[in-house]
Amino acid sequence: MELISTEDVSLRIESLEASHSVASRVMSLVERDDVGARELSIVISADPVLVYRIMQMANSAFYGTGGRVRELRVAIAIIGFQAVKSLSLTAVIEGAGSVTPQDWQHSISSAVAASEVARRLGADQQLAFSVGLLHDIGRAVMSSLNPAGSASITRLERSALTAAAEREMLVAEREAFGINHAVLGADVLGYWNFSPDIVQAVASHHPQKGSISRLHGAIVDGDRIARLIESDVPVTDLAESEILLPQYVHPTDLPDFVKVVQAKATAMLHDLFS
Ligand SMILES: [Fe+2]
Ligand SMILES: [Fe+2]
């Protein structure tokens, strides 16, 4: 299999950026202090897919708005600038046809779970949701560069429930591509000026041990909970198993926690894609 070089990634980002000028413009505007929801909504209104996603997300049950948000400016204020930036980056990468419905399901479940964990940790829930949405963006870039090669590793990651299986997946990825998707994702986020705490949380979302920040802890747990949900492994009696459990949800709370995440994620997926 061909290794992925820094040049490949730069060329890919440049080609995606050129073909998605609205979303790339939104990503740089979000960082400016003098740009508010009104200015952002004027730029975003040129991209119907992005408008639709932001409106649907703001109207989903997750934000408790009762489906009453009618203005894009209000929707942006509700979901927050970081979520707008995450959706914009996903739109750019999606342009390469590398974001599948399963990827969306994993992103939304991870984002909802990360936000719930952040609430327990007293961390920024909106930020955890936004970073959860794009924690695997490196994998999407990888599959846009090499669709056939990355499909088997994506399957390996989704079924990696133990520390050993997770390590095996990262080794397989490095051997195949010369880089793992977490580091690649962090490079992509760095290119688009995401803040250092976000870049760091994504770079280490498959850690060997511990957390480096509350945001990082929420992202790692969100990803683990999403993989547990996708695996269909019963979440009762996992305490003694080898399965990697979230660090900030007690095993006895896990079944109820998973139910809440599943319900919210399913509702959001329905609102976004039906
Ligand atoms: Fe990952
Ligand atoms: Fe993930």
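The model is a predicted one, and in it Asp136 bridges the iron ion (ligand 1) and the iron ion (ligand 2), which lie 3.6 Å apart.

**The iron ion (ligand 1)**

- The protein donors of this ion are Asp136 (OD), Glu157 (OE), His181 (NE2), His205 (NE2) and His206 (NE2), which lie 2.1 to 2.2 Å from the iron ion (ligand 1).
- Along the chain, the donors of the iron ion (ligand 1) follow the spacing D-x20-E-x23-H-x23-H-H.
- Because Asp136 lies in the loop between α8 (125–134) and α9 (137–145), while Glu157 belongs to helix α10 (residues 147–158), the pair ties together parts that are 21 residues apart in sequence.
- Glu157 is buried, as is Asp136.

**The iron ion (ligand 2)**

- His106 (NE2), His135 (NE2), Asp136 (OD) and Asp223 (OD) coordinate the iron ion (ligand 2) at 2.1 to 2.2 Å.
- The angles among the 4 donor atoms of the iron ion (ligand 2) run from 85 to 178 degrees, and the site is irregular.
- In sequence terms, the donors of the iron ion (ligand 2) follow the spacing H-x28-H-D-x86-D along the chain.
- His106 lies in helix α7 (residues 101–121) and Asp136 in the loop between α8 and α9, so this pair ties together parts that are 30 residues apart in sequence.
- With a relative accessibility of 2%, His106 counts as buried.

Note on methods
Residues are numbered from 1 along each chain as its sequence is written. Chains are lettered from A and ligands numbered from 1 in the order in which they are written. This is a predicted model: local features need pLDDT of at least 70, side-chain atom pairs count only at pLDDT 80 or more; totals for chains, interfaces and linings use all residues. Side-chain values use heavy atoms; hydrogens and water are left out. Donors are N, O and S atoms within 2.8 Å of the metal (3.2 Å for Na, K and Ca); water is not among the atoms, so sites may look incomplete. Helices (H or I, at least four residues) and strands (E, at least two) are DSSP runs, numbered from the N terminus. Buried means under 20% relative accessible area, exposed over 50%, partly exposed in between (1.4 Å probe, protein chains only). Four donors count as tetrahedral if all angles lie between 85 and 135 degrees; four count as square planar and six as octahedral if opposite donors are over 155 degrees apart and all others between 65 and 115; anything else is irregular.
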